Amino acid sequence: MALNPMYRRALALTIQQVSRQQTAAASTVSKIGNRDVVGFGMNGTPSYIDRVDFPMPAIRFKENTPDIQALREKEKEDWKKLTLEEKKALYRASFCQTFAEMKAPTGEWKSVLGITLILSSLGIWIYMWMKMYVYDDLPESFKPEHQEAQLKRMIGLGANPVQGISSKWDYAKGDWK
Amino acid sequence: MPTWGCLGLQDSASPLMEQLTYFHDHTMFILILITTLVGYILINSTLNSLINRFLLENQEIEIIWTVLPAIILIFIAMPSLRLLYLLDETNNSSITIKTIGHQWYWSYEYSDFLDVEFDSFMAPYSIDSNLRLLDVDNRIPIPLNTQIRLIISAADVIHSWTIPSLGVKADAIPGRLNQVSFLVNRPGLFYGQCSEICGANHSFMPILIESISVDSFLNWVSSNP
């Protein structure tokens, strides 16, 4: 029949998929070692991540040892019977950092600020060198006496009398308002 | 003319420039509003400790932040278009002046009644003349409160004739006549500078309009051969 090749192809693809999944499962086990998969985690992959917004990672942090297995059995009974050390050991077996450790400030801002200030000061040194050795002198019109003369002329001309410089001058008084 | 540390527009000397200044202020108001709003949202989003891992496809806010900017843009566009058409209105000009850009000076012709022609070169700086790069030897007299038609062209390369306080700028292109129309409503000196790169002395060919009473203007025209 004409459909027969299609069925054979579908079957071949399915077998390929299954073998790929089994290979994946096998390589997953070899990647995470003896650690239990305990949930979905962040994206469904069996990976350990310390994140405040994904509080339950997919796998335990440490591999199972007989000690931990014993503690886990003890954990199934009354928790008041667990000592503080045992509770801490159980926590650290499943998790790398506590929430306090995850949220703790890193102090990275100090390095960032420091390096930024160092580079800015380097820029300022370069500018000072340019001003001393590269740029020409400013024209004569920048000198204070020259600027005063220019200001006097601007006021005499009534330049920008609406909201600008001449609007601040009292012409009757001959001085600033 | 611009003064030191001049951040905004110069005070207007023409009704159209007044309108341009008002439009600028109106648009700047809207821009500051938008910037403040966005800045507040940014800071708020950065400094709060809320987390939403499943934020996807919120249709209501998408509609809001599409419609609201469209409305803001309409508020900007309406005065803008009004001003655009206002600037292009035909005026019955009382007087026509021609200006030709050369490398590196302007020449002016008043040919309505008597033929008056002169060149306008930048004046060398001294503390007596004391506006560096702005003063000229021959100013352009313009009668007050009179609609002026200015025809602009060039003799060699492209220049651009402009007076910021009148809101006028037009390229001076060789082989082409560009027309601008303006009215000066206060007496005084109004400065401009060539606004299209035209060679070595492009920064050294300023424009200086002297706005005077109609009587003084007529005296000047008749006394100038």
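## Basis of the model

The model is predicted, so local features need pLDDT of at least 70 and side-chain atom pairs count only at pLDDT 80 or more, while totals for chains, interfaces and linings use all residues. Residues are numbered from 1 along each chain as its sequence is written, chains are lettered from A and ligands numbered from 1 in the order in which they are written, and side-chain values use heavy atoms, with hydrogens and water left out.

## The interface of chain A and chain B

Chain A contributes 24 residues to the contact and chain B contributes 19 residues; contact means heavy atoms within 4.5 Å. The area buried between the two chains is about 1900 Å², and carbon and sulfur atoms give 59% of it. Buried area is the accessible area (1.4 Å probe) that two parts lose on being put together, summed over both. On the side of chain A, the residues that lose the most area to chain B are A:Arg153, A:Met154 and A:Asn160, together 32% of what that side buries.

One salt bridge is found across this interface. A salt bridge is a side-chain nitrogen of Lys or Arg within 4 Å of a carboxyl oxygen of Asp or Glu. A:Arg153 and B:Asp135 form a salt bridge through their side chains (2.7 Å, N to O).

## The annotated region and B:Gln10

In an unreviewed entry, UniProt places the feature "domain: Cytochrome oxidase subunit II transmembrane region profile" at residues 1-91 of chain B. UniProt positions are given in the numbering used here, feature names are shortened, and annotations may be inferred rather than shown by experiment. The span of residues 1-91 of chain B is 68% helix and 0% strand, and its end C-alpha atoms lie 26 Å apart. Helices (H or I, at least four residues) and strands (E, at least two) are DSSP runs, numbered from the N terminus.

B:Gln10 lies in the segment before α1 (15-47) of chain B. B:Gln10 counts as buried because its relative accessibility is 11%; buried means under 20% relative accessible area, exposed over 50%, and partly exposed in between (1.4 Å probe, protein chains only). A polar atom of the side chain of B:Gln10 lies 3.2 Å from the backbone nitrogen of B:Met1. Not counting residues up to four places away in sequence, B:Gln10 touches A:Asn160, B:Met1, B:Pro2, B:Pro164 and B:Ser165.

## Salt bridges within the chains

Over all chains, the structure holds nine salt bridges. One of them joins the side chains of A:Arg51 and A:Asp53 (2.7 Å, N to O). A:Arg51 is partly exposed at 33%, whereas A:Asp53 counts as buried at 15% relative accessibility. A:Asp36, A:Arg60 and A:Arg72 are linked in a network of salt bridges.

In chain B, the closest N and O atoms of the salt bridge between B:Glu210 and B:Arg139 are 3.4 Å apart. B:Glu210 lies in strand β10 (residues 206-212) and B:Arg139 in the loop between β3 (116-120) and β4 (140-143), so the pair ties together parts that are 71 residues apart in sequence.

Definitions and conventions. Polar contact = N/O pair within 3.5 Å; in protein donor to acceptor, adjacent residues only side chain to side chain.
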